[in-house]
Amino acid sequence: MLRGILVLWVALAAAGAAAAADVAGTITILEGEALITRAAGRWRAAEGVRLQLGDIVETGDGAFVQVELVEQTVLGIGPNARVMVGGPVRLKAERALYALGGWYKLTNARKDGNARAFEFRSPLLEIGLLPGVVVMQLKASDATVFAERGDLKLVERPAGSALGLRQGQTYRRPAGSAKGSVGASPPATFLAELPRPFRDSLPLRADKFHDREVQPKAAPDFTYADVEAWLNSESPFRRQFIERWRVKARDPEFRRGLIAGLPSHPEWDPVLFPEKYLPKDPAKAASAAAAASAASAASVVAR
């Protein structure tokens, strides 16, 4: 019996360790409404909710979310933002943030000065070494990045060209341009639209929820339109959604969207039309081959 108890204890400990390994951070401040897409479900964000690797956080107008991530990286998410915490394994999922658009403030709160905590990536740029504080506004085709504290190296995508920003400098990439430029100060429009919570240094509150996990409440299910931008994102990212959202292909409306957008996410073709990928019947294949051979022989005899 003792051996059985020990086995059970080891199993529970392993399960707890695995669950802890999947925790990417905790929502410690929330203003307005934010939604979390996790696996095939959608949840309402709340202070104290622990984010898991692969969670997608989306905010509405006027919303603000502070996430205290592992490795003492603090992510501020402003209005109209869409960001995934974690990504494909080959892109260092446990230390990746991938954003499709919105306002962000990244703060490296480590006292030891280690800047390689979380890498930030978007369709237009990536930041591998996180300085003290960086503020960004990302749109579909333009980006503004302000190095509030500390220097950073920014890589433009898809060209791959690197630019350095000194503390106090701003990178500006206008719509339709493949390259951006570095200036001395942020544009007036950037400062005018800067979310109010981004103007201050907010307190860290993770300790408040250290021993109290808050469970998110269910939100209305997401539609194809809600996640279309993710389904059409970069290939390494969008492939992971096949397993997450495979069950959604059974929903008629979602399925219609997948079929209509198939050119942008062709990896869904085997899910939508599995009959096209079934192995051929060996007996039928042999019969067809024999018939073709007989027809060829008869043609030779006739000559």
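One term to have ready: rings of Phe, Tyr and Trp (its six-membered ring) form a pair when their centres lie within 6.5 Å, and the pair is stacked with planes under 30 degrees apart, edge-to-face over 60 and tilted for the rest. Searching the whole structure on that basis turns up eleven aromatic pairs. For one of them, select Trp230 and Phe241: the ring centres are 6.4 Å apart and the planes sit at 75°, so this pair is edge-to-face. It links distant parts of the chain, with Trp230 in helix α3 and Phe241 in helix α5, eleven residues apart.

Some housekeeping before the next stop. What you see is a predicted model, where local features need pLDDT of at least 70 and side-chain atom pairs count only at pLDDT 80 or more, while totals for chains, interfaces and linings use all residues. Residues are numbered from 1 along each chain as its sequence is written, and side-chain values use heavy atoms, with hydrogens and water left out.

**The whole chain**

Zoom out and colour by secondary structure. The protein chain has eight helices and 18 strands; these are DSSP runs numbered from the N terminus, with helices being H or I of at least four residues and strands E of at least two. Of its 303 residues, 43% count as buried. Here buried means under 20% relative accessible area, exposed means over 50%, and partly exposed is in between (1.4 Å probe, protein chains only).

Now select α3, residues 224-231. Which of its residues are buried? They are Tyr224, Val227, Trp230 and Leu231. These cover an arc of only 110° around the axis, which puts them on the same side of α3; the arc is taken from the directions from the helix axis to the C-beta atoms. A handy rule for helices: an α-helix has 3.6 residues a turn, so residues three or four places apart point the same way.

What do the buried residues of α3 pack against? Show β5, β8 (82-85), β9 (96-108), α4 (235-238), α5 (241-245) and α6 (252-260) to find out. A contact, by the way, means heavy atoms within 4.5 Å.

Go back to Trp230 and Phe241, which are both buried.

Arg255 lies over the face of Phe273, at 5.8 Å from the ring centre. For a charge to sit over a ring, NZ of Lys or CZ of Arg has to be within 6 Å of the ring centre and within 35 degrees of the ring normal.

**Two nonpolar cores**

A nonpolar core is a set of buried Ala, Val, Leu, Ile, Met, Phe, Trp, Tyr and Cys residues joined through side-chain atoms within 4.5 Å. In the largest one, with 38 residues, Tyr104, Phe120, Leu125 and Met136 touch the most other members. Its largest share, four residues, comes from β9. Apart from it lies another core of 20 residues, among them Leu100, Phe222, Trp230 and Trp245.

Centre on Leu125 next. Beyond its neighbours within four places in sequence, Leu125 is in contact with residues including Phe120, Met136, Leu138 and Tyr171.

**Strands to trace**

Select β14 (residues 152-156) and β15 (residues 162-165): they run antiparallel, joined by four bridges. Two strands count as paired if DSSP finds at least two bridges between them. Val155 has Ala162 as its bridge partner in β15. Five residues lie between the strands of this hairpin, where Gly160 takes a positive phi near 85°.

Move on to β1 (residues 23-31), where seven of the nine residues are buried. β1 pairs with β4 (residues 50-52) in the antiparallel sense over three bridges, and Thr26 stands opposite Arg50 there. Six bridges also join β1 to β6 (residues 64-69), again antiparallel, with Gly25 opposite Leu69.

**Two last residues**

Finish at Pro220, in the loop between β18 (217-218) and α3. At 54% relative accessibility, Pro220 counts as exposed. Not counting residues up to four places away in sequence, Pro220 touches Arg42 and Arg44. The C-alpha atoms of Pro220 and Arg44 are separated by 9.1 Å, although the two are 176 residues apart along the chain.
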